[in-house]
Amino acid sequence: MKTKRFGATAAIALAGSLALSACGGQQADSGATGSSSGDAALSGSIASDGSSTVGPLTSAAAELFMTENTGVNITVGTSGTGGGFKKFCEGQTQISNASRPIKDEEKAACDAKGIEYQEIVVANDALTVVVNKENTFLECLTTEELKTLWGPEATGKVTTWNQVNPKFPAEKIKLYGPGTDSGTFDYFTDEINGEEGASRTDYEPSEDDNVIVQGVSGDKNALGYFGYTYFEENESTLKAVKVDNGKGCVAPSADTARDGSYAPLSRPLFIYVDKKAFASNAALKAFITYYIENDAKVAEAAKYVALSDEQKKTAQDELASLG
Amino acid sequence: MTALTADRVGPPKPLATAAHGEKGLRSMAFLIALWLCLAFGILVLAVLLVTTFLDGRERMDSGLFTNYTSQIAPETAGARAAILGTAWVILTTALMAIPIGVAAASYLEEFASRTSRFARFVELNVQNLAAVPAIIYGMLAAAAAVAVGIPRNTVIAGGIALALLILPVVIVATREALRAVPQEIRQASLALGASPMQTLSRQTLPAAVPGIATGTILALSRAMGEAAPLLLLGGLVFVKFDPNGFLSGFTTMPIQIFDWAARSQVEFQQLAASASILLLVLVIVLNGLAIVIRNKYSAAR
């Protein structure tokens, strides 16, 4: 009897979870299947993976697209730019989100599997150097000063602000930044320190940008860097430092990122599209076209900087070259 | 601090600590240190629970259950796909881990010779598997999925990863439960002419079900909170459909929470907190169920 009763409990639990998972239910396969029967009834599924910075952008585009095309399922993963390329070159995804251009070894991996791709710039981002709102001496930093501060040779040596610039007070430096797996880290070190991955190591690294926000907003003498959206959402506690690239101090903003005057820290964000899948999957073709044409709307929804007219023209040309 | 009073007499064997009448300075200091350790642990947990609850309370509504995640409108985003994804993956995990785990434990406990090299080899492996970090199982499942040729971020691949993760726990719990079944039951069954297999399936296993169920439910509730192995499989963070089969793409609650918590918008961070509360409640309910089952059957026995 005892065991029978347990059997009943288990059966109920099992039935419950089955019922839960059975309610609702659209079809969804991760493969690159797609059938076209005119524009009216697109169906199929599209898989994308890659940078967690670009992820929200593709998610926004997917969401807007899917409200008009309910038969299409688009999924987004955030394995990081490198992880995304790995899957893309295995043919597991049709779109790869990237916050940096594809590397040579990744190209080779794609070639080996016969995956042809097209790179398209879909938005701009301004890597923003932030300090505490109450910080009074850090208004503008030259790229040289940033290099003094973040260069690999600064490790253990540059510890007070007056070492960066004699005009700054002799306060202790506290640094926060993204971890070494991040595309943001790659881009910043490449532009500022002249070599990708070369950075001082005695800073507080975090893969979660919100940790950097908390660190900098809690310490008057702290400095950190990350994508513009995290600054925008935390303007009440953070202050963006202007960057001087020899042409005067420029503050990061949508405008300066779009026209490129916020140099060298404004960066393009990419998607990579599988050419073969683009040709065979009507849903993918429709989605990419939608993504580019509605770039302004997509960028706004994801809180990124939309393409300039010139960039958009390039993107449209790239799209046309896909066929 | 009432436990400090000297006249509280402990169960049969009083230990030489302050709680059991020892009043030496050193044992008092040791007791206080123990209390401080306990208080610290509980305090951290309490702070975590309270802050999570405060962050997430505004989003604890029906939208959390019925809406999909949304990039455009974070204020109405929900965890529907993650909740259903968790249900699917945990079900798949249970379907794989329980039969294999119970079978392996039955073999080791009821059939294998204690001295056989093979049995000792298996036993050693089970013990080692229990100590392997969760993320390694993710790598293993990813490799298995690629070898078989199915996409990595599917329900079945996630189920394999979590089933491997909890298999040692299921095996150990089942062995303990089988060991607790009185030897007389087996002897009586065999004496009445039942085969060893019949003895196992009709007498020993049914008698061990409460123990097996308790261990398995605890293991499943651990699997429910795992993010690392599934992230390694390429867990999706933006899914706007319900999973519909073993080859369907999916997201689970820990993956979704992990993604939301790192977003810049405060709405997503609140959502991460409310989904955490939901996950916590689910795990507590499962653990409660395990306790109920255990108490019910140990009382009946």
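Chain A is divided into domain 1 (43-123 + 268-321) and domain 2 (128-251). The model is a predicted one. Chain B also has two domains in its assignment: domain 1 (2-59) and domain 2 (67-300). The two chains meet through 38 residues of chain A and 37 residues of chain B. Strand pairing also links them, with two bridges between β3(A) and β1(B).

**Domains of chain A**

- Domain 1 of chain A is written as two segments, 43-123 and 268-321. Domain 2 of chain A is written as one, 128-251.
- The centres of these two domains, taken over C-alpha atoms, are 30 Å apart.
- Eight residues of domain 1 of chain A touch eight residues of domain 2 of chain A.
- On the domain 1 side of that contact, five residues are polar, two are charged and one is nonpolar.

**Strand β6 of chain A and its partners**

- β6(A) covers residues 128-132. Five of its five residues are buried, so the strand is mostly covered by the burial criterion of 20 or more other C-beta atoms within 10 Å.
- One partner of β6(A) is β10(A), residues 222-226. The pairing is antiparallel and has four bridges.
- A:Val131 has A:Leu223 of β10(A) as its bridge partner.
- Another partner of β6(A) is β11(A), residues 238-240. Here too the sense is antiparallel, over three bridges.
- A:Asn132 lies opposite A:Leu238 in β11(A).

**Domains of chain B**

- Domain 1 of chain B runs over 2-59, and domain 2 of chain B over 67-300.
- Their centres, taken over C-alpha atoms, are separated by 32 Å.
- The contact between them draws on six residues of domain 1 and seven residues of domain 2.
- The domain 1 side of this contact in chain B has three charged, two polar and one nonpolar residue.

**Fold and dimensions of chain B**

- Chain B contains 11 helices and one strand.
- Along the sequence the elements follow the pattern α-α-α-α-α-α-α-α-α-β-α-α.
- The C-alpha trace of chain B spans about 65 × 60 × 35 Å along its principal axes.
- Chain B has 301 residues, of which 42% count as buried.
- Take the contacts in chain B between residues at least 6 apart in sequence: 71% of them join residues at least 24 apart.

**Interface between chains A and B**

- In this interface, 38 residues of chain A are in contact with 37 residues of chain B.
- Several elements of chain A each supply at least two residues to its side. The helices are α1 (2-22), α2 (55-68), α7 (209-217), α8 (228-232) and α12 (295-302). The strand β3 (72-77) of chain A is also on that list.
- α2(A) gives the most to this side, with eight residues.
- By class, the chain A side has 18 polar, 12 nonpolar and eight charged residues.

**Strand pairing across the chains**

- β3(A) pairs with β1(B), which covers residues 236-238 of chain B.
- Two bridges join these strands, and they run antiparallel.
- A:Gly77 stands opposite B:Leu236 in β1(B).

Terms used:
Residues numbered from 1 in each chain as written. Chains lettered and ligands numbered in written order. Predicted model: local features only at pLDDT ≥ 70, side-chain atom pairs only at ≥ 80, totals over all residues. Domains from an automatic or database assignment. Nonpolar A, V, L, I, M, F, W, Y, C, P; charged D, E, K, R; others polar. Buried ≥ 20, exposed ≤ 12 C-beta atoms within 10 Å, placed from the backbone. Pairing = 2+ DSSP bridges.
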